Structures are given as structure tokens and as C-alpha cells.
Amino acid sequence: MEPTWERVSVAGVEIRMWQVGEGPPLVFLHGAGGPAWSPGMDLLARRYTVLYPEHPGYGESGRPGWVETVHDLGIFYLEFLEAQGLRDAVLVGHSLGGWIASELASVCTHPLRALILVAPVGINLGAAQVDIFATPPDELAPLAYYDKSLAAARPPLGREEVRILYRNRATSARLSWASAPTAPKLAARLFRIRIPTLILWGRQDELIPASSAQMFLDRIPHAQLVTLDACGHVPQVEQPEAFARAITEFLDAVVGVGGPR
């Protein structure tokens with residue numbers, strides 16, 4: 001399936017969004033690097049209608065003046081769900097997107113059927129983490145993968161791609177520093193997430209150790225953990241089949257959310 005961009009209006013600002021697939025709605029929130037379509041997303045789109053928005057302030061999306069913290073983005077995406085008319089949606093957040101998804105779900109789960117956090121950040125994880133803002137992009141890329149050849153195979157960026165890269169990094173830095181590197185209030189609110197929740201992590205994640213998952217498991221009632229072998233920080237790229245299978249099996253078993261096979 002070939003995803004296409006469209007522009008949608010949320011809270012008075014236009015953002016870009018990919019939408020592809022058929023079946024129950026699944027909203028995917030991207031990480032600090034910005035949105036990038038992946039093989040894992042293609043597999044999910046076989047069973048779900050995948051909505052993949054570009055966060056305010058990233059890429060070509062606008063940014064409302066009131067969005068200054070990651071918590072603000074959580075509120076923004078509550079507005080997004082309402083604007084899209086979504087009920088019983090599955091919310092998936094990767095890395096920074098996992099932080100945003102956690103903020104949203106800790107405030108309100110009414111529009112959600114299930115929550116999936118893929119190598120999330122946002123709370124004090126009790127483990128050494130790479131400072132993504134102090135690390136040059138060319139050094140950061142290999143740390144995202146268990147298979148280092150995936151980073152080496154990335155084509156050189158063009159002028160426009162470099163501009164977007166640095167806009168994305170600037171927005172991520174502003175959001176993270178405004179929220180502080182971690183959000184103690186979020187950690188204290190995670191107990192409010194009482195919907196089925198899956199924590200998904202690459203076992204060889206060099207950016208955020210997989211052992212960090214326990215900090216979320218201890219705080220989110222009845223959360224489940226799946227770790228993927230031979231996998232770093234980006235399972236939707238590095239282990240797309242295992243990534244999609246973990247999500248679909250969890251949703252089928254726990255909440256009965258499934259679409260065409």
C-alpha cells in the first residue's frame with residue numbers, strides 16, 4: 001500500500017498526516033527524528049487504518065503557540081482524535097511519541113481502545129541514556145540499530161531534508177527542555193492508564209536500554225512486555241514482521257481489535 005500525505009486541521013493549525021489501510025483505526029505517533037514510513041507500518045496497514053500524523057513543529061506541520069511541552073502535545077492529540085472522529089482507536093507511540101501517548105492516556109483514555117508504547121521515554125528510567133541533542137546525527141544513526149548496516153545504507157540527505165532534520169531536532173529539544181528531560185508528574189499519573197497496554201522494546205536498544213521497560217510495567221496496571229531479539233531502537237524498521245506480529249497478536253488476544261488479514 002502506498003501512503004499519501006494529506007493536511008488536516010486540528011485546534012486551528014494544519015498538520016500533515018499519512019493515512020492508509022483498512023480496518024479499525026490505529027494512530028501512530030513518531031519519535032524525535034520526525035515521521036518516516038517503514039516496512040512495519042506497511043504490515044500494520046494490512047489490518048488497520050493507519051493514521052500517521054506529523055507532530056506540530058515538525059517537517060511541514062504548523063505549530064500552535066500554546067504547544068510548548070510534551071504534555072501540551074498530549075492535549076493536542078486529544079484534539080486530533082476528536083477532530084478525526086475517532087472512537088476506540090489504538091494509540092501507538094514510538095520513543096518521544098511514546099512519551100506523548102503516555103501523557104495523553106494518563107489524562108484521558110475515553111477515545112482509546114488500547115495503548116502500545118514502543119521504546120518510550122518521558123520518565124526517569126533509571127538507566128544511562130544517550131543524549132540525542134549532544135550527539136551528532138551521523139553518530140546517532142548507528143546507535144538506533146542492532147544491524148549497523150541499516151544506518152550505513154541510508155542515502156545522503158538533500159538540502160531540504162537537512163532543513164527538516166534540524167527543524168525536527170530544534171522542536172524536539174524545545175519540547176524536551178520545556179518539559180525537563182523527564183516528567184515526574186507523568187510518572188505519578190501512569191497508574192491512570194487502565195486500558196490494555198503493550199510495552200514493546202528491542203532487546204539490543206543502545207539508545208534506551210530495554211531494562212527500562214520495567215519502570216513502565218511497575219506503573220501501568222496490567223501492562224504487558226514484548227522484547228524483540230536482534231533489534232535496536234527502531235523495531236518497525238529493523239524487525240518489521242516481529243513488530244507487526246507483536247502488535248496484532250496483542251490486539252487480537254486482549255481487545256479483539258482486528259481487520260482484514
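Author: Glu60 and Arg163 form a salt bridge, with their closest N and O atoms 2.6 Å apart. A salt bridge here is a side-chain nitrogen of Lys or Arg within 4 Å of a carboxyl oxygen of Asp or Glu. This is a predicted model, where local features need pLDDT of at least 70 and side-chain atom pairs count only at pLDDT 80 or more, while totals for chains, interfaces and linings use all residues. Residues are numbered from 1 along each chain as its sequence is written, and side-chain values use heavy atoms, leaving out hydrogens and water.

Reader: Nice! Where do Glu60 and Arg163 sit in the chain?

Author: Glu60 is in the loop between strand S4 (49-53) and H2, and Arg163 is in helix H6 (residues 159-179), 103 residues apart. Helices (H or I, at least four residues) and strands (E, at least two) are DSSP runs, numbered from the N terminus.

Reader: Which residues are linked in a network of salt bridges?

Author: Glu60, Glu160 and Arg163 are.

Reader: And how many salt bridges are there in the whole structure?

Author: The search finds 8. Another one of them joins Arg189 to Glu103, with the closest N and O atoms 2.4 Å apart. Arg189 lies in helix H7 (residues 184-189) and Glu103 in helix H3 (residues 96-107), so this pair ties together parts 86 residues apart in sequence.

Reader: Is Glu103 buried or exposed?

Author: Glu103 counts as buried, because its relative accessibility is 3%. Buried means under 20% relative accessible area, exposed over 50%, and partly exposed in between (1.4 Å probe, protein chains only).

Reader: Last one, helix H2: how many residues does H2 have?

Author: H2 (residues 70-83) has 14 residues and reaches 20 Å from its first C-alpha to its last, close to the 20 Å expected at 1.5 Å a residue. The expected span is 1.5 Å times one less than the number of residues.

Reader: And what comes just after H2?

Author: Gly85, which takes a positive phi of about 65 degrees.
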